[in-house]
Amino acid sequence: MQSEQDFAGTASTYFTVDGLPEHERYGIWKDAIQCLFSVDADKDVRENDFKASIESHLFGSLMLMQVKTGAQQWARGYEQIAGNGMDHFGVGVYKQGTVHCDDAKGGNVLKHGGLLIYDLTQPFTAQTTDLENLNLVIPRSLVEDLLHQPDDHCMRFLDPSDPMVQIIRDMIISLHRNVRSLNYQQSLTLEKTIPMLLANCLNSAIAETRETAHERQNIMSMVRMRRYFRENLGSSELNPRQAAHDLGVSRSKLYTCFAPYGGVYNYVRDLRLRRAISLLNDPQRSRSSIYDIALECGFSSDASFIRAFREKYDVTPGEVRDRKSTRLNS
């Protein structure tokens, strides 16, 4: 069951399985959430008055979701990453319940009052108890250039003893109380201020090392380099030699800067694939051929594009588009 309502500066939706036949609830919930996460729950959770609801508010390019549901296992794999094109960070506030992740940064269990950070372009798994949480979803483009290590925050647990963590947690809770009253201008203001606060919090969460200290000293240089690659992504001539020349740096410095990303080629390939996912999931580009999308994203041919896409996501671009079309028509 889903309802929609538009407020002054906010578009809101509400989904719930409450009130549906009890034996159908979990299946409907699982199908509804599949585009974001694959979920699984123990039999007693599925069959014992299962409840789940999502209240969503879109203001500007930010989204705030309140989720209430039973204990489950959650996974975001390459099927979801390729299938919905979300290039976003998420910030989770657990008002009730908790989350466990073996691969989390900052401990395996989120401390009461802490924050969960996740990256929707990276796979992860987690287990939760019965929960009520708030999730603030932020486009990568708003925060990436503010972060020292933008690809190192998937499933990061932030400690509640950090005052910035508490400030952001309180802000998200307050935002939920007031989101329906926001006007358009206020939404634009939040688009600027929230990413700055979050970046400050994440940058201070990483322990100081010689390497990270050096990276801080060169943060503006990295911002300029990443921006250069984004702006020239569609060029099939983009390569380390040309980039080093245009940026006025040595190729060795370029390779050193992008070593944490697996090298320059890997960084550029992942950017192009993220862009391709966005285009494949854009209804306005449904008539664009795979070849056109490949060229627009800087691949020299549709064959090289399909090969890179399959290697990264274990599906082809055509399969992603077919699944998108099936969901829209079902």
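In this predicted model, strand β4 (residues 52-59) and strand β5 run antiparallel and are joined by 8 bridges. Strands are DSSP runs of E with at least two residues, helices are runs of H or I with at least four residues, and both are numbered from the N terminus. Two strands count as paired if DSSP finds at least two bridges between them. Within this pairing, Ala52 stands opposite Thr69 of β5. The two strands form a hairpin with 2 residues between them. Gly60, in the turn, has a positive phi of about 65°. Residues are numbered from 1 along each chain as its sequence is written.

Gln66 has Leu134 as its bridge partner in β11. Of the 8 residues of β5 (residues 62-69), 6 are buried, so the strand is largely enclosed by the rest of the structure. Here buried means under 20% relative accessible area, exposed means over 50%, and partly exposed lies in between, as computed with a 1.4 Å probe on protein chains only. In a regular strand the side chains alternate between the two faces of the sheet.

An open sheet is built from 4 strands in the order β3-β6-β10-β8, with antiparallel pairing. Strands β3 (38-40) and β8 (99-100) stand at the edges; each has a single partner strand, so one side of each is left without a neighbour in the sheet. Strand β8 pairs with strand β10 (residues 124-128) in the antiparallel sense over 2 bridges. Val99 has Thr128 as its bridge partner in β10. Helix α1 (residues 22-33) packs on this sheet and touches β3 and β6 (72-76). The direction of α1 makes about 155° with that of β3. Such angles run from 0 to 180 degrees between N-to-C directions, and axes are lines fitted to C-alpha atoms, for helices over the stretch in contact.

Helix α5 (residues 163-178) packs against helix α6 (residues 184-205) at an angle of about 150°, and their axes are 9 Å apart. The two helices are therefore roughly antiparallel to each other. Angles over 145 degrees count as roughly antiparallel, under 35 as roughly parallel, 65 to 115 as roughly perpendicular, and the rest as oblique. The crossing of α5 past α6 is left-handed, a term used if the near helix is turned anticlockwise from the far one by less than a right angle, with clockwise giving right-handed. On the α5 side, the contact involves Met164, Val165, Ile168, Met171 and Leu175. These meet Leu190, Ile194, Leu197, Leu198, Asn200 and Cys201 of α6. Contact means heavy atoms within 4.5 Å. By class, the residues of this contact are 10 nonpolar, 1 polar and no charged. Ala, Val, Leu, Ile, Met, Phe, Trp, Tyr, Cys and Pro count as nonpolar, Asp, Glu, Lys and Arg as charged, and the others, Gly among them, as polar.

Helix α11 (residues 264-280) and helix α13 cross at roughly 95°, and their axes come within 11 Å. They are therefore roughly perpendicular to each other. Helix α11 contributes Arg269, Asp270, Leu273, Arg274, Ala276, Ile277 and Leu280 to the contact, and α13 contributes Phe305, Ala308, Phe309, Glu311, Lys312 and Tyr313. This contact has 8 nonpolar, no polar and 5 charged residues. Arg307 also lies in α13 and, at 47% relative accessibility, is partly exposed. Arg307 and Ser221 are 86 residues apart in sequence, and their C-alpha atoms are 32 Å apart in space.

The loop between α13 (302-313) and α14 (317-329) holds Thr316, which is buried at a relative accessible area of 16%. Apart from neighbours within four places in sequence, Thr316 is in contact with Ile306, Phe309 and Arg310. Asp314 lies in the loop between α13 and α14 as well, and is exposed at 66% relative accessibility. The phi of Asp314 is positive, near 65°, in a residue other than glycine. Asp49 is not a glycine but has a positive phi of about 55°. Asp49 is placed in the loop between α2 (43-47) and β4, and is partly exposed with a relative accessible area of 35%.

Methods
Predicted model: local features only at pLDDT ≥ 70, side-chain atom pairs only at ≥ 80, totals over all residues. Heavy atoms only, no water.
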